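Hello,

Here is the structure I promised to pass on. Please open it first; my notes follow below.

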Amino acid sequence: MNKSIFIFSLLVLMVQVALGQSSKVSGRVYHDKNQNGIYDKGDKVLKDIFVSNGKDVVATNTKGIYKIEFLENNPIFVIKPKGYVSPRTPQNNLKFYYLSQELINKKLFDFPLYPNKEKDKVKIALLGDPQSDVIDDIHHVSKLVTEELVKNKPDIIIPLGDLSFANLSIFKPLSESLGLVGVPVFYVIGNHDLNFGEQEFSNRDKTFEASFGPSYYAFEYGDNLFLVLNNNFPVNNREYIGKFDEDQLTFVSNIIKKFETKYNSIKIFTHIPLEYTSNKEEFISLMNPFDKVLVAAGHTHTQYHHYFQRSQKEAVHQLVGGAVCGAWWQGAHDIHGVPFAMMHDGTPKGYWFLETEDKDYHLSYKVSGAPTEKQMHIWVPEKKKWDTEMNVLNEPYIYVNVFAGGKSTKVEVSFDGKTWQSMEHHQGVAPELKRFYLLQELGRYEGQKLSKVPKPTTKSKHLWRMKIPENIASGMHLIRIRAKDDVLKLQTEDVRVFYKQ
C-alpha cells in the first residue's frame, strides 16, 4: 500500500514538474541583419533586451536568450530598445509580439529587431479619438490627418484610443490610411474598441490585439521611455469604468524598476483621463522615481491640461487631447464633405504634436485644414441687417478661445497696438459653438444627411473674455490678441476686425 502511494506521489510530482516546465516560453532577441525573420548566420544576438508577458519583465542573457512564464490569454512582447525597431506590417504597425493563441503549441519565440535611426529629440503626432464607424469617417481621417502628416512627417504616430465607434472591423481601413504616412504607429485602445460581453476579462481586447498587438506595453524611442496603457475596465455587458487592472499595474511597476536609473522622466499614453480612473492614486504613486511625468489621454472630446500634485516632486502633467473627429463627426458638412463637428469646448477638429527629449518636451495643437498659426478663435459682436436671426448671439464682450491654453495662460487684448489689457479667464460655453447650434435649430442645414449636434452646455477650460469699453469710438477697429504661457511654452498672436456702430 505504501509503495503504491509512493509511486502515485512520484507520478504527480513528475507531472507537476513537467507542467511547470511547459508553462515557460523562451526565445532569442537578435539583430536580423538580412531582415528575413529567421535567426541565421551573421545575425547578432542582443543582450539586456526586455521581454514581457503583460505582468513579468525579464532581460535577455549574453546569448540573447529570454525565458518567461506563459500566462493564459496574455501575449508576450519585446520592449523596443533605443536604436532598434521590430518588423513593420504594410500598415506600419510593429510586429513586436506573439498572441496567446500562438503560444499554445510552441515554446520557442524569437524576436528579430532592425537598426532604427533615432534622434534624441522625437516628434510625435498625438491623435485623440478618430471614432470611426463607417468608411465615410475613414475618408475624413485621411483628409484631416493622413494627408497633412505626409507633408509634415512626425517620427511616430500615437492614436489615443476610440479608434472605432464600436465597429471593430474599421480597424483595418483606419490603419491602412494612417500607415500611408510612412512612420511607425503605436496604438492605444479606447472603450469603444473593446470586445464587450466576453466571459474572460483577458478577452476584452482580443480584436484590438489581433489587429495591433498588446493593449498595454512599453517602448524606448530616442532618449525617451514611453508607456502605452489600457485603463478601459469593462463591467456588466456593455459598460466600463476607468481602472488599471492588477496585472497591468504589476507590469508598470516592473518596467519602472528596470528603467528608473536610466531615465528622469516618463511619457504615458492612455485613453481615459486619470481623474476618471478609480485607482489613479496607486498608479501615480508608481511614478515617484521620475522627476517629470507627462500623461496624454483622449475620451472627453474636449481639450485641457490637468495637474496631479505629488509630494516633493513636480506635478504630473496631463494633456487631454481632444478628438480628431471633433464631436463624433456631427453637424453640417463643409465643401469637402467633412463634418464641422466642433468639439464641445469650441475647439475645431485637429491633433497635437509632442516634441520630447527625456525631461524636456513641448506640446502644440494643429487645427486640421488650417495654417499652423491658427491657435485661437476671436469672437466679437456683429450686428447684422440681412441675417438678423444671428443678432441674438451678440454680447458686449470680446471672447478668445485659445485651443491649447490652460489656467496658467495669460491672454491680453489691444485696441491700438500699443496698450495691452488682460482678459478674464471665463468658464462658459464657447460662442462659436452657440452659433453652430443656432444655425442647426433654425433649419439652415436641412437637406444635408448629417448627425445633429446636441445643445451646447460644456464650459470651455480655455476661454477668455473682456467687456468692450464703452468709450471706444465708432467705426472699424483692428483688435490684437496675444496669448503667452511660460509653463506650456505657448506664445501666439492673432487679430480680428471689429465694427462698432
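Start with two strands, β28 (475-485) and β29 (490-500): each provides at least two residues of a nonpolar patch. Keep in mind that this is a predicted model.

The patch sits on the surface and is formed by Met476, Leu478, Val495, Val497 and Tyr499. Together these residues have about 490 Å² of accessible area. Which strand gives the most to the patch? That is β29, with three residues.

Leu478 belongs to strand β28. Is Leu478 buried, exposed or partly exposed? Its relative accessible area is 36%, so Leu478 counts as partly exposed.

Now the domains. The assignment for this protein lists three stretches: domain 1 (19-115), domain 2 (122-367) and domain 3 (376-500).

I looked at the pair formed by domain 1 and domain 2. Their C-alpha centres are 25 Å apart. Domain 1 brings 22 residues to the contact, and domain 2 brings 34 residues. Between domain 1 and domain 2, about 2400 Å² of area is buried. Carbon and sulfur atoms account for 60% of that area.

How many salt bridges cross the interface of domain 1 and domain 2? The rule finds one. On salt bridges, also look at Lys55 and Asp247: their side chains pair in one, with an N to O distance of 4.0 Å.

Those are the points I would look at on screen.

Best wishes

Key. Residues numbered from 1 in each chain as written. Predicted model: local features only at pLDDT ≥ 70, side-chain atom pairs only at ≥ 80, totals over all residues. Heavy atoms only, no water. Patch = residues over 30% accessible without salt bridge, like charges linked within 9 Å, V, L, I, M, F, W, Y side chains within 5 Å. Areas by Shrake-Rupley, 256 points an atom, 1.4 Å probe, with all protein chains shown as cover. Helix = DSSP H or I, 4+ residues; strand = E, 2+ residues; numbered from the N terminus. Buried < 20%, exposed > 50% of the residue type's maximum accessible area, 1.4 Å probe, protein only. Domains from an automatic or database assignment. Contact = heavy atoms within 4.5 Å. Buried area = accessible area lost by both parts, 1.4 Å probe.
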